[in-house]
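Colleague: Please take me through this model. I want each label set against its cut-off.

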Amino acid sequence: MILNVNNASFSYDGITKQFEEISLSLRRGEVLSLLGRNGTGKSTLIKCILNILTLQKGEVEINGRRVAGMRPDEIAREIGYVPQTHRAVFPFRAFDFALMGRAPHIPTFSVPGEEDCEKVEEAFARIGIAHLQDKCISEISGGESQMVMIARALAQEPSLLILDEPTSHLDIGNQMKVIATIDRLAADGIAILMSTHFPDHGFLLSHTVAILENGRLIARGPAEDVITKENLREAYGIDVCVRYVEEVERMVCIPMSPCGCRGREEA
Amino acid sequence: MTHRKEPIMEIGQEPRNAAIGLLRSVFRDGTPVHEAVLRLIPAEKAIYLLPVALFFFSLFFGRYMMDPVETFRVLIVGTANGFLDGASSLLSAVSGHPVLLPSFEQTWGASEETVVFRIRLPRLIAAMLVGGGLAIAGASFQGLFKNPLVSPDILGVSAGAGFGAAVGILLSGNPMVIQISAFFFGILAVAVTYGIGRAVGKGSTLVLVLGGIIVGSLFSAFISLTKYIADPYDTLPAIVFWLMGSLSTVSNADVIAVAPPILLGALCLYLVRWRINLLAVGEEEARALGVDTKRMTVVLIIASTVITASAVCISGIIGWVGLVVPHIGRMLVGPDFRKLIPVSAILGASFLLVVDDIARTLTAAEIPLGILTSLVGAPFFAYLLTRKKVGWIS
């Protein structure tokens, strides 16, 4: 097991629980999609796994070591983190930006060397964005910046990659590019934990799906078992349609027309 | 593979061939020599020659104009003699009987000696230390606070030092007391700001900035208070002039006192320069990339504050350098702090040398530096902004 979360509970103020008794685990090459409403604690859980926030109860283990007892650079060698978006203040070159992923491998008073640059070039090439290396991160599109952040996380050489809603700000074409990239990385053996707002992504690439609702995991398991009408109604309060579509050769999950939407025939 | 090496290595790898090729091209296709030279030395490296050239220029340039060659001789032979004297007395002390090493013949008068070694040299070194120090501290703070509009006094160090100096002027007037008091209150102001930041915001940089505003305006009020109760014919003008900044009274002793803290702080910032990049992309991301952000923040604040307080206590308050020089640096080498930190130091030192030259030569009386840095710097910066696109101003 690469990641083990046992009975994790967290609260910001010590009174209202953000989530409690969460247990998860991830094997090599496994993709876990974390679903759940806005504000239900997905990002908080991710920050706890990264040890940026400290759990009230329970523990997080990465490759058998408890993150609570690890230094930040030790954690960063194991876990690569891709935030939702990056707000660029200084217009770093994409290459220099991704080079920062080498930080956990470089002593504090040192600067990246030849080998680090090669690792970053490999990361760019691995996800097919070598052409972005010399662009400015303030000038590239949202999809490209997402890919550069993935390259930065890969430069960390992590065994676990955590992505916080990697597709939320992207158009449908870029969404699929990012999903395909994630799938390829998983095939190479990296364990992947991603939070997402699209249940359909679970069918696209997940081995496992978990739904966080009201601070607890209401379901966890293979996508086919978890992404059901009942579970999604409980999590999001809407009706969805889940069925096998011949043309795309997979299960899909799309929302039903909620009452009040007129749909096409009246338009 | 190739792309990173491109700008630096291509030139470094085969300097001889490049030079020969360049010479050939100069003669063949009639490229002007200065362009050829510029192509051989990239701007990024040529910039390191700037303060050296300005230093020698400033040494003979001034109200008391000296012959450049003579100035060189005074500087080099005089320094050598100084070393020999020092060695003689050291050897005498060690061996127990007088040793006299030979020394070079002194071909210049006492006035040249005084101008070079007692007036200009300490002043130039001070200008370089203060200018370079403020610029490097400003650049680090801009990274730490993720904001290109930040200057080194964001946490209240200048207001604190100003108050300290004003109190020193009121109570004693002894330059030594004024400097120590300025340094002490500068550090104290930042300590209070940091205390507020820790107590309220658990070290969040936004709360630190707010704390800086609180402490800054508090000490500004204290400064006004000291001005109000100061003697209008004696201590009040002294306070006002101190606050406008000047290097006219800098002595060798001053330079020896502030050089170690400024250089130590600068060395510290230079060593962590690449890590400042990580703080500049955001605290949470830096944490996820394995940076102990709390400790890093403390290191940057201490180093920058020691530099700024040391600079301010011999020069008075000099604005503008710490804010604008890093911008000019970014225009030249980009936002990567690996290059920005050394380039800021170089540019800051050069900028203050030039401004100080103007301050001491333009009129019969000294012009306060704080006025000139803005008068020279502001139009120059406006010009640069119109010339070059800057990443964070779209």
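Modeller: Helices are DSSP runs of H or I with at least four residues, strands are E runs of at least two, and both are numbered from the N terminus. Chain A comes to nine helices and 12 strands. This is a predicted model: local features need pLDDT of at least 70, side-chain atom pairs count only at pLDDT 80 or more, and totals for chains, interfaces and linings use all residues. Residues are numbered from 1 along each chain as its sequence is written, while chains are lettered from A and ligands numbered from 1 in the order written.

Colleague: Why is A:G113 called exposed?

Modeller: A residue is exposed if 12 or fewer other C-beta atoms, placed from the backbone, lie within 10 Å of its own, buried at 20 or more, and partly exposed in between. A:G113 has 10, so A:G113 is exposed. A:G113 lies in the loop between α3 (94-99) and α4 (114-126) of chain A.

Colleague: What share of chain A is buried?

Modeller: Buried residues make up 44% of the 267 residues.

Colleague: How do you know that α7(B) is roughly perpendicular to α16(B)?

Modeller: Helix α7 (residues 110-144) and helix α16 (residues 321-333) of chain B pack at about 75 degrees, with their axes 7 Å apart. Axes are lines fitted to C-alpha atoms over the stretch in contact, and angles run from 0 to 180 degrees between N-to-C directions. Roughly perpendicular covers 65 to 115 degrees, under 35 is roughly parallel, over 145 roughly antiparallel and the rest oblique. Therefore α7(B) is roughly perpendicular to α16(B).
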